[in-house]
Amino acid sequence: MRMKSFAEVVRVSMIWVCLLLSGMSAVAQDWLYTVKPGDTVWDLSHNMLKDWRYWKEILRHNNIKDATTIRPGMHIAIPLYVVREETSQARVEAVHGDVRVTWRGASESLPLKPGMSLSVGDKVATDSNSTALLILEDHSAILMQERSELEFSRLRKLGGRKSLDAGLFVGKGGLKMDANPSHYPDSSYEIQTAAANSAVRGTGFRIGVEGQSSRTEVLEGLVSVGNALGQVDVPKNFGTVVKKDEPPVKPIKLLDAPDLGVFPGQVRYLPKVIKLNTPSGAVGYHVQVAKDADFMELLLDRKVKERFMIDQGLPDGNYYVRVRAVDSRGLEGKNAQTRFQLAARPEAPLVRAPLPGAVLHEGELLFSWAEAEGVERYLFELGPDQDFSRIKVSRETTDTELKLPVAQGIWYFRLTSITPEGKKGPPGHPVKMEVLPVPKVPEPKPPATEEGKLVLAWQNVDGVAAYNVQLATDKDFQNLIVDKTVDQGSLTLPRPPSGHYYMRLRSIDSEGYEGNFGAAQSFEVKPESYWPLAIFGIVTALLLL
């Protein structure tokens, strides 16, 4: 019974708005009052009118023959020009981001701040990722979304009571309004856009303006939306779209709330991209993040197609996220809401070496990383498992590099930042690396000379792709006469002049890694014939006689 009465009150209250739009200004200037128990025409005249002597005019205006016949619940239209009125103001409750106000008659805007009061003619504008929460005197809450403009065209209390008559013009963007939550009787609100007017009493709704069109989505109660070309009553969970110079479309059912089961309860790494589940008929989403469950102070307000990203712009903390599906007409559906915790700081440092997928060789390895801002020290962890269930090395350091001996195998390492207060951030993503054994030094065979050639040979080593052979006339290998890489276990050279030589070998694996040289091997290349030496000796001896 109560809901029916409320609907009747709302529908009747819309009549004067529609008449205003069709040019019937006389009736449009009425204030609709609902008779309460104990009310009389004379009491109403003394308490609510500028002059009590207007009571006869009120009877004529409402075609009431006998003043004693008014009953509770009856609606009386009272011309606004005779109603006692008081100026009202809106209070700035909260501001997030860049929000500016242009006072009535001023040419320049100023930053809007909590605690300020707004009056008729004042304009408020929000920038990107910025919101403002405004509270009217009857506790109605107006939440302005990002990139929105709002101007107060009326703000007054009527009839010496707390009943509020408010008019708002939304130039662009959007707002959510919870009208008359205290249920003060006979309060009314008119929301104007370039395309339509919306008449409201106690209800919850959203209005959005894009260019020459506007949309209205009703969350509670009933909202009448119209212009000079038509009018529709929009019930709960329905919406309408109005384009300039076109009538409002028939109310459309709002899309169901999306499933937020995919949303993580805790976010540890940034940026975090979340793919949202798409309900039937949705072409995108409107995502909002706030510190409070009522979303009175928005920290993030974005429209996305199917993926939502939480980036470094949001500080660590506990948050509420609200998501609405958007249909092809731009109407936003029912709310889905959940909580999440952002705990991503201090972030792990950027790894410099080894890089993911690196192939190294066993021995002392250098690990290095970038210095992270606001971090005092780092926790380095190394283990053979990606989940670090078997940590082999765990060491804290204030440096940005660390040298450690690492054996052959598949290894993972990660870094965690720690602040001066001892707060640990999330561990960095595991970095995988492969450590190979150092190629073994091949064992050389004795050099051999035959038919004007020198043959150098060695034992083949399993897993070795090539061998580097060096031949020099000195043990320090400063005077190299051969420096060659071959893929077999021998090297044949032209026979060098007789004398002492030094040879050394090293292995090269399939990754191109060159192992260490083995110990140098010395050998002598003897002359192919001793006759020249004998003749030279005889000749030298004869000359000395």
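Mentor: Let us begin with the overall layout. The centres of domain 2 and domain 5, taken over C-alpha atoms, are 89 Å apart. Domain bounds here come from an automatic or database domain assignment. That assignment gives domain 1 (30-82), domain 2 (88-253), domain 3 (266-342), domain 4 (351-436) and domain 5 (443-525). This is a predicted model, in which local features need pLDDT of at least 70 and side-chain atom pairs count only at pLDDT 80 or more, while totals for chains, interfaces and linings use all residues. Residues are numbered from 1 along each chain as its sequence is written, and side-chain values use heavy atoms, with hydrogens and water left out.

Trainee: Which feature does UniProt place at residues 31-78?

Mentor: The unreviewed UniProt entry places the feature "domain: LysM" there. UniProt positions are given in the numbering used here, feature names are shortened, and annotations may be inferred rather than shown by experiment. Over residues 31-78 the chain is 31% helix and 17% strand, and the end C-alpha atoms are 5 Å apart. Helices (H or I, at least four residues) and strands (E, at least two) are DSSP runs, numbered from the N terminus.

Trainee: How many bridges join strand 1 to strand 2?

Mentor: Two strands pair if DSSP finds at least two bridges between them. Strand 1 (residues 30-34) and strand 2 run antiparallel and are joined by 5 bridges. Aspartate 30 stands opposite proline 79 in strand 2. Of the 5 residues of strand 2 (residues 75-79), 4 are buried; buried means under 20% relative accessible area, exposed over 50%, and partly exposed in between (1.4 Å probe, protein chains only).

Trainee: How is a pair of aromatic rings described?

Mentor: One gives the distance of the centres and the angle of the planes. Rings of Phe, Tyr and Trp (its six-membered ring) pair if their centres lie within 6.5 Å; planes under 30 degrees apart count as stacked, over 60 as edge-to-face and the rest as tilted. By this rule there are 11 aromatic pairs. In one of them, tyrosine 501 and phenylalanine 523 are stacked, at 6.0 Å centre to centre with 25 degrees between the planes. This pair links distant parts of the chain, 22 residues apart: tyrosine 501 is in strand 41 (residues 499-509) and phenylalanine 523 in strand 42 (residues 521-525). Tyrosine 501 is buried, at 6% relative accessible area, and phenylalanine 523 is buried as well, at 11%. Elsewhere, ring pairs link Phe263, Phe308, Tyr319 and Phe340 into a cluster.

Trainee: Which residue lies over the face of tyrosine 319?

Mentor: A charge sits over a ring if NZ of Lys or CZ of Arg is within 6 Å of the ring centre and within 35 degrees of the ring normal. Lysine 291 lies over the face of tyrosine 319, at 4.9 Å from the ring centre. Arginine 414 lies over the face of phenylalanine 388, at 4.1 Å from the ring centre.

Trainee: What should I know about the backbone?

Mentor: Most residues other than glycine have a negative phi, and most peptide bonds are trans. Asparagine 237, which is not a glycine, has a positive phi of about 70 degrees. Asparagine 237 is in the loop between strand 18 (230-234) and strand 19 (238-243). A cis peptide bond joins leucine 270 and proline 271, with omega about -5 degrees.
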